[in-house]
Amino acid sequence: MSEQSRRPRKPAKPYRRPQKDPVRILAFEALRAVDERDAYANLVLPPLLRKAREQGDFDARDAALATELVYGTLRRQGTYDAVIAACVDRPLREVDPPVLDVLSLGAHQLLGTRIPTHAAVSASVELARVVLGDGRAKFVNAVLRKVAQDDLDGWIEKVAPPYDEDPEDHLAVVHSHPRWVVSALWDSLGGGRAGIERLLAADNERPEVTLVARPGRATTEELLREDAAVPGRWSPYAVRLAEGGEPGAVEAVREGRAGVQDEGSQLVALALANAPLDGPDGKWLDGCAGPGGKAALLAALAAERGATLLASEKQPHRAGLVARALHGNPGPYQVIAADGTRPPWRSGSFDRVLVDVPCTGLGALRRRPEARWRRRPEDLDTFAPLQRGLLRTALDSVRVGGVVGYATCSPHLAETRAVVSDVLKQCPDTELIDARPLLPGVPDLGEGPDIQLWPHIHGTDAMYLALIRRTG
């Protein structure tokens, strides 16, 4: 018998079933939906959380952790990609996306939360065993142990180019925005380093939940009776919920008398509603009404004055959302599915018109952090003809003496002032109205006559508004 055959064999390690962690599995599922289906986290996450609660797997703390893991990972994805790239032996594009999602979740726990290092690594490795298998779990373990060797500041010093050598790329890595978005926001904002750093940092903060009390149906006094509710900053109809506040628990929201609406969105509707007119004020149009937040506020304001609102939305399913938002409005209104560039109404039919046009959504990156990675500079070329076409139609739809509001949830100059300037050159019988006096108390609105709101200045989405009167 050979020497080798006489040696006692080491007993095999007993197989250990991977430990399932419902919180991290749910976070992983949400990230996969965002990546595979181009879904938005704010639409994917709530039903997943609701299902987990119904199955008895989750309590409020679990839901809060899952939400932080998903949104925190998406917001800091660019920074974490740079860190992970420094810890793997291949280009990130060669790492399977599900593996990269587990690594990103682990990196966020290590670098962006107070979860202890050993717990963050072990929990991520267990998640990898459950969703990827033992082989890939070893890879995850090796990479995250390298990530754990430094904190976030230390890693940024290693992976971000110095500001003096490449300001835009430095800011892109530090604040986790694509370089082209950094450049575009900087152009729109103007000024030096401090302003753009504040704006990019604000994009990575969790936004407050803001409610709107729809006039004639609810009051701010009613909403302020809710726990942890405080008045809005600028809109007389706004109420903010403190962290952890649940809109679905508010009776007025459940009944549709109030809604969830960013304060910037409310201000756009209010400015249009309060713009001075020459002549009658009985017919209002929301030409891009989906999903219905601004339309619901406009319809309520119109009802107070005896006016009617026509809410038009091209996509039938979004028109259905508008109808749901307006249901119960105290005055008359109508919702239709129609293409705003080929409208079924006659020229000059309306006294006030709002077109909140489709755009890149770069003004709402706090709420939809994945949009920054999904958008490309060439998307601007896709939106440009539609934005100009909708504004031209809006100016044709308003009567002489009436007012059009052109709005976008993007501060990109190609979607704001460039569109307005180009269209007004083709429509000489128009004039810009100074919108700033229509938002009393709101500071730092710039030189006018248009308005650009900012997350880091006003605490709102980066909404843009230009008010235009038709003069002939």
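These notes go through a predicted model point by point, from its overall make-up to single residues.

1. Overall make-up. The protein has 21 helices and 12 strands. Along the principal axes, its C-alpha atoms fill a box of roughly 110 × 50 × 40 Å. Of its 472 residues, 54% count as buried. Among contacts between residues at least 6 apart in sequence, 73% join residues that are at least 24 apart.

2. Helix α5. This helix covers residues 77–85, and its buried residues are Gly-78, Thr-79, Tyr-80, Val-83 and Ile-84. Which helices do the buried residues of α5 pack against? They pack against α4 (60–75), α6 (97–112), α8 (134–147), α9 (152–159), α10 (167–175) and α18 (371–374). Three of these partners, α6, α8 and α10, come up again in the points below.

3. Helices α6 and α8. The axes of α6 and α8 are 10 Å apart, and the helices pack at an angle of about 30°. Their crossing is right-handed. On the α6 side the residues in contact are Val-99, Val-102, Leu-103, Gly-106, Ala-107, Leu-110 and Leu-111, and they meet Arg-136, Phe-139, Val-140, Val-143, Leu-144 and Val-147 of α8. By type, the residues of this contact divide into 11 nonpolar, 1 polar and 1 charged.

4. Helices α10 and α12. Helix α12 spans residues 193–203; its axis and that of α10 come within 10 Å and cross at roughly 30°. The two helices are therefore roughly parallel to each other, since angles under 35 degrees count as such. The crossing of α10 and α12 is right-handed. His-170, Leu-171 and His-175 of α10 make the contact with Arg-193, Ile-196, Glu-197, Leu-200 and Ala-201 of α12. The residues here divide into 4 nonpolar, 2 polar and 2 charged.

5. Helices α19 and α20. Helix α19 (residues 379–397) packs with helix α20 (residues 417–426) at an angle of about 50°, and their axes are 10 Å apart. The pair α19 and α20 is therefore oblique. In passing α20, α19 makes a right-handed crossing. From α19 the contact takes Gln-387, Arg-388, Leu-391, Arg-392 and Leu-395, and from α20 it takes Ala-418, Val-419, Val-420, Asp-422, Val-423, Leu-424 and Gln-426. These residues divide into 7 nonpolar, 2 polar and 3 charged.

6. Aromatic pairs. A pair of aromatic rings is described by the distance of the centres and the angle of the planes. The count in this model comes to 2 aromatic pairs. Trp-345 and Phe-350 form an edge-to-face pair, with 5.8 Å from centre to centre and 85° between the planes. Both Trp-345 and Phe-350 are buried. Tyr-406 and Tyr-464 also form an edge-to-face pair, at 6.4 Å centre to centre and with 70° between the planes. Tyr-406 lies in strand β9 (residues 398–408) and Tyr-464 in strand β12 (residues 464–470), so this pair ties together parts that are 58 residues apart in sequence. Tyr-406 is buried, with a relative accessible area of 0%. Tyr-464 counts as buried at 2% relative accessibility.

7. Glu-222. This residue is in helix α13 (residues 220–223). Is Glu-222 buried or exposed? With a relative accessible area of 19%, Glu-222 is buried, because the term applies to values under 20%. Not counting residues up to four places away in sequence, Glu-222 touches Ala-252 and Arg-257.

8. Backbone points to check. Most residues other than glycine have a negative phi, and most peptide bonds are trans. Asp-38 is not a glycine, yet has a positive phi of about 55°. Asp-38 sits in the loop between α2 (22–37) and α3 (41–54) and is partly exposed, with a relative accessible area of 48%. Ser-176, also not a glycine, has a positive phi of about 60°. Ser-176 is in the loop between α10 and α11 (179–189) and counts as buried at 0% relative accessibility.

9. Cis peptide bonds. The bond from Gly-290 to Pro-291 is cis, with omega near 0°. Pro-291 is in the loop between β5 (283–286) and α16 (293–304). The bond from Gly-448 to Pro-449 is cis too, again with omega near 0°. Pro-449 is in the loop between β10 (430–433) and β11 (451–452).

Conventions
Residues are numbered from 1 along each chain as its sequence is written. This is a predicted model: local features need pLDDT of at least 70, side-chain atom pairs count only at pLDDT 80 or more; totals for chains, interfaces and linings use all residues. Side-chain values use heavy atoms; hydrogens and water are left out. Axes are lines fitted to C-alpha atoms, for helices over the stretch in contact, and angles run from 0 to 180 degrees between N-to-C directions. Helices (H or I, at least four residues) and strands (E, at least two) are DSSP runs, numbered from the N terminus. Angles under 35 degrees count as roughly parallel, over 145 as roughly antiparallel, 65 to 115 as roughly perpendicular and the rest as oblique. A crossing is left-handed if the near helix is turned anticlockwise from the far one by less than a right angle, and right-handed if clockwise. Contact means heavy atoms within 4.5 Å. Ala, Val, Leu, Ile, Met, Phe, Trp, Tyr, Cys and Pro count as nonpolar, Asp, Glu, Lys and Arg as charged, and the others, Gly among them, as polar. Rings of Phe, Tyr and Trp (its six-membered ring) pair if their centres lie within 6.5 Å; planes under 30 degrees apart count as stacked, over 60 as edge-to-face and the rest as tilted. Buried means under 20% relative accessible area, exposed over 50%, partly exposed in between (1.4 Å probe, protein chains only).
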